[in-house]
Amino acid sequence: MALLQISEPGQTPEPHARKRAIGIDLGTTHSLVATVRDGKPVVLRDRQDRPLLPSAVHYTANGVDAVGYEALAQAAEDPHNTLVSVKRMMGRGLADVRGLGKQLPYRFVDSDGMPLIETAAGPKSPVAVSADILQALAMRARDLLGGAIDGAVITVPAYFDDAQRQATRDAARLADIRVMRLLNEPTAAAVAYGLDRGGEGVVAVFDLGGGTFDVSILRLHKGVFEVLSTGGDSALGGDDFDRAVAEWVLQQAGKHDDLSPVQYRSVLLEARRARECLTDAQQVTVNCPSLGWQGTLSREQFEQLVAGLVDKALRACRRTLRDAALDVAAVDHVVMVGGVTRTPVVRQQVQAFFGKPPLVDIDPDQVVAVGAAIQADVLVGNRSGDDLLLLDVLPLSLGIETMGGLVEKVIHRNTTLPVARSQEFTTYKDGQTAMALHVVQGERELVDDCRSLARFELRGIPPMNAGVARIRVTFQVDADGLLGVTAREETSGVESRVTVKPSYGLSEDQIAGMLSDSYTHAADDKEKRALREQQVESSRLLEALSAALQQDGEALLSAAERQQLETAMQCLRAAIAGDGLPLLRAATDALVALSDPFAARRMDAHIRHALQGQSLDDLTREKQP
Amino acid sequence: MNPAPVYFQLFDLPVSVDVDPSLLAARYRERQQAVHPDRHAGSSPGERLRAVQLSSDLNEAYQCLRHPLQRAVYLLSLAGLDAASDRTFRQDMDFLQQQMHWREALADASSSAQPQQVLDTLFAECERATRMTEQAFREAYGQQEWEAAMAAVGRWQFLEKFRAELDAAEERLLD
């Protein structure tokens, strides 16, 4: 009989058992992928040794032609088919995207209120374009790490709402990447600096990216990163700096709205070059042959052009500090993230505001990916002995529509995640068996001023007289900031079925459709892919369960229970080896159901350990109404 | 029967008006280290679900206990009193008059010559009144004088709302 290897809890048994985990910064203008190698985070570079991948995809009639620099090179010549800045459209409706106006020279197609972009390869959703970018990054990681990726952490702006987060998760699913966690960009940056220095205290993260501005206030204590508040502006970024310069150019050149998309794009590119030059130079020559204009822009002029934008960012900092109930003097470190923070005027103003020089020693373009890689390494289980724990917050309040188009807030912004809140509703008609809930996200009083997230339909309410039913709806937001809704009629105990219609997201059917579209032989490959996905999922379950059994099987299960579980695991192993999807699903479901009590006992044991011997059942059962 | 003091139990703390904030924070972090879903990323779906629930419970209890007013409301609920929605207690006339005086001062602040000074005065008065109200609650709760405790929480709730209005007014002033 082979001897079982038992490792010290929190230690990796064997070097070869290390898993391949990556952190991905999916940015508006560029993206990166990083990993932890020999305990050190490293950004993975392409064959030309470049760390960044421009978030650009060029499409031709044959599909994806190029991603990254090669795609960007086509931007001036073929703007309609070179998609950039799609992150700005993630989880957005057509009406929002139209508001971006001439900034993005695309032809939009309406698909149920969702924007699709017309390209030579057919209409593309922002989610599908993001998936193409993610796939390029995952491929780079696979090549460099020498095998399949076990899990990824993808970063999102802290300010992203539920729809934008869900869209990001959908993109990863299309790209066949297993996302262990969505991580807020400022939190990732704090992790990159925090672990590096073993720091303690209050950190402000100032993240001015290509398209969004985020500011977060965190408290670090013994490896726990507790986000106190987060704020920012989801429509403020380097692109706006470029646009300010471009508008100045157009004014100087005496040109106005009659520009073609190609012309406007070339002016924007020149504006960006000018802004980047002014980081070191005192003045720069701006040359726009397409307008037949050339001129000089001084740093001083530039700083005047963007003064309003910098001010807007600092106002958001002040509000966020106030939300954290902290004075500016309480901030111990200021961390800079995003390429735009290289701009001298931004650094000066941030230093003046916080009264201390910001930390800039990790490249502001790379710091987010570095933090994501560290968190991915922890989550995949490569360094479970670490105390690193991230407690993030809900960025925008969640509410439900009430009479008269008003919003009743159910969970307030800056609430620590995960969080669950329940609300009771009743029926207003005799025999009513269904009801609808409209969930919105935002701070305003009126439904129309908030973002519509989804409409939930509760069905299967037992028929009763009006006002008698007590439907308890629970809103659960997980650590990713994603919302789930469950409902239950309290007097009868009947669970209501909840169906979700996302306002600006993809339905399950649409995702399935897109998955099959990405293959030439649709039907056949769709099946195969579904089978493969399920096989991976089921193997993961087996792996988790084997580890759990090895640890706690003896203590928490009777011999009979253990025997039962092991038989079910054997069945599942056989089903994985076969190629029947329905059988595999059935075997998986059976094992999940059978292992649930064991899972609950294990979790209770964990918390009991932390609670020093108190009975958990007493605590949770008698929870406050 | 009154409910068990679950929130205090979760952190192994005595049921009390006063909670040591750093001890509470330390216990909170320690417990989250054990149950947070990120600690169970590789576990079975059942364990992950349970982790989300337990971690949510901890967050709820922590938020409640670390805010003095929310803690007071919770303490009253343990005594079977609903301070969150029960508005039937009688306001004393002095406090009502004080409220009106403050609201007028706030409404006039924006048109005054020194709006920031007006706000600073109001901030200070609000802070002082809050401390006095907290003390009044502490005494009433200690003596189990529930009517007085409910009245104190009523005043406290007004002060907290007023404080938020002052914040908003200052925000507008600075923008």
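Predicted model: local features only at pLDDT ≥ 70, side-chain atom pairs only at ≥ 80, totals over all residues.
## Ground rules

Residues are numbered from 1 along each chain as its sequence is written, and chains are lettered from A in the order in which they are written. Local features need pLDDT of at least 70, side-chain atom pairs count only at pLDDT 80 or more, totals for chains, interfaces and linings use all residues, and side-chain values use heavy atoms, with hydrogens and water left out.

Let's start with β24(A), residues 471-477. Strands here are DSSP E runs of at least two residues, and helices are H or I runs of at least four, numbered from the N terminus. Five of the seven residues in β24(A) are buried (under 20% relative accessible area with a 1.4 Å probe, protein chains only; exposed is over 50%, partly exposed in between).

β24(A) pairs with β21(A), residues 419-425, through seven antiparallel bridges (pairing takes at least two DSSP bridges). In that pairing, Ser422(A) sits opposite Thr474(A). Seven bridges also tie β24(A) to β25(A), residues 483-489, again antiparallel, and there Ile471(A) faces Glu489(A). β24(A) and β25(A) make a hairpin with five residues between them, and Gly481(A) in the turn has a positive phi of about 85°.

## Nonpolar cores

The largest nonpolar core holds 47 residues. A core is a set of buried Ala, Val, Leu, Ile, Met, Phe, Trp, Tyr and Cys residues joined through side-chain atoms within 4.5 Å. Among the residues with the most contacts inside this core are Phe206(A), Phe213(A) and Val346(A). Helix α8(A), residues 299-323, supplies the largest share, nine residues. A second, separate core has 41 residues, including Met603(A), Ala51(B) and Ala152(B).

Phe206(A) touches (heavy atoms within 4.5 Å) several residues beyond four places away in sequence, among them Phe213(A), Leu314(A), Cys317(A) and Val346(A).

## Where chain A meets chain B

Each side puts in 47 residues: 47 from chain A and 47 from chain B. Together they bury about 4,300 Å², 54% of it on carbon and sulfur atoms; that is accessible area (1.4 Å probe) lost on being put together, summed over both parts.

Six salt bridges link chain A and chain B (Lys or Arg side-chain nitrogen within 4 Å of an Asp or Glu carboxyl oxygen). Glu170(B) and Arg322(A) form a salt bridge at 3.3 Å, N to O. On the side of chain A that touches chain B, the elements giving two or more residues include α8(A), β21(A) and α12(A), while α14(A) gives the most, with nine residues.

Definitions and conventions
Buried area = accessible area lost by both parts, 1.4 Å probe.
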